[in-house]
Amino acid sequence: MLLLALLALAAWGLTALLGGGRDAQDGSSSGAADAGGSSLSAQTGGSSSPAGSSPLDAAADSSAAKTAAQGEEDWQMRLVNHTHPLPDGFTVETSALPNGLEFDSRAIGQLEQMLADGNATGLQLMVCSAYRSVERQDELFNEMLQDYIAEGYSEEEAYAITATIRTPHGCSEHSTGLAADIVAVDYQMLDDGYAETDEAKWLLENAADYGFILRYPKDKESVTGIIWEPWHYRYVGVENAKKIKESGLCLEEYLEANGA
Ligand SMILES: [Zn+2]
């Protein structure tokens with residue numbers, strides 16, 4: 001395990017040094033990776049606690065039970081990251097956007113309203129990635145893992161490198177059905193430059209009114225473990241989104257500050 005962790009760190013360092021890899025992480029319409037787990041992950045979740053019986057899963061299970069007990073609204077605030085994987089067997093009811101991508105049925109109306117209102121002002125917002133099942137996320141992970149093995153890396157090395165780019169089992173926020181990568185029709189690159197588009201600026205300003213937060217802010221990389229993603233929005237409900245935006249905290253910090 002220690003070796004694996006060291007390899008993961010080394011791989012992350014290499015990735016960071018090489019830079020430039022960012023735009024590949026969120027995958028976009030090619031169906032690739034996207035975060036809910038990009039890079040910095042290797043430091044926390046890189047080594048693969050298998051999904052069955054780790055303390056992490058126990059924590060996830062107990063928080064799921066707590067969520068059920070606390071009632072309807074807590075699904076909106078579900079935390080999924082490298083230390084909070086989705087419980088095994090997690091399912092969510094989804095509905096399809098006009099472009100076929102799926103989103104949590106309880107929140108898709110808000111997403112569509114946000115896109116419609118933004119586009120009514122002359123923008124060209126589009127969702128390039130939304131719900132991905134845990135199984136699909138695993139497929140993407142394994143495809144990349146096999147690619148690295150085919151390139152001559154050992155299995156451990158390949159895992160470590162892959163974990164810096166793709167999210168491990170159950171750890172992608174996209175698998176909740178509540179995350180969407182939203183870009184501009186004429187700027188679909190998932191890179192820092194997107195933040196300069198009118199679409200990104202409008203979202204930053206208005207998304208909370210529809211219940212969405214920028215999930216991976218620039219100044220919170222060390223907390224979220226994920227690089228700044230100006231395109232990745234997460235539904236948390238209107239009331240929560242406004243409070244979180246006003247607080248200036250990221251979701252992890254906000255939940256901790258509020259005793260979750
Ligand atoms: Zn995303």
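In helix 5 of this predicted model, the buried residues are Ile108, Gln110, Leu111, Met114, Leu115 and Gly118, where buried means that 20 or more other C-beta atoms lie within 10 Å of the residue's own, exposed means 12 or fewer, and partly exposed covers the range in between, with C-beta atoms placed from the backbone. Seen down the axis of helix 5, these buried residues fall within an arc of 165 degrees, so they line one face of the helix; the arc is that of the directions from the helix axis to the C-beta atoms. The face turned away from the buried side carries the exposed residues Gly109, Ala116 and Ala120. Helix 5 (residues 108–120) has 13 residues and spans 18 Å from its first C-alpha to its last, close to the expected 18 Å, that is, 1.5 Å times one less than its number of residues. Gly122, with a positive phi near 105 degrees, follows helix 5.

Next comes strand 3 (residues 125–129), which is largely enclosed by the rest of the structure because four of its five residues are buried. Strand 3 pairs with strand 4 (residues 179–184) in the antiparallel sense over four bridges, pairing being assigned if DSSP finds at least two bridges between two strands. Leu125 stands opposite Ala184 in strand 4.

As for the whole chain, eleven helices and six strands are present, taken as DSSP runs numbered from the N terminus (helices H or I, at least four residues; strands E, at least two). Of the 260 residues, 42% count as buried.

Residues are numbered from 1 along each chain as its sequence is written. The model being predicted, local features need pLDDT of at least 70 and side-chain atom pairs count only at pLDDT 80 or more, while totals for chains, interfaces and linings use all residues.
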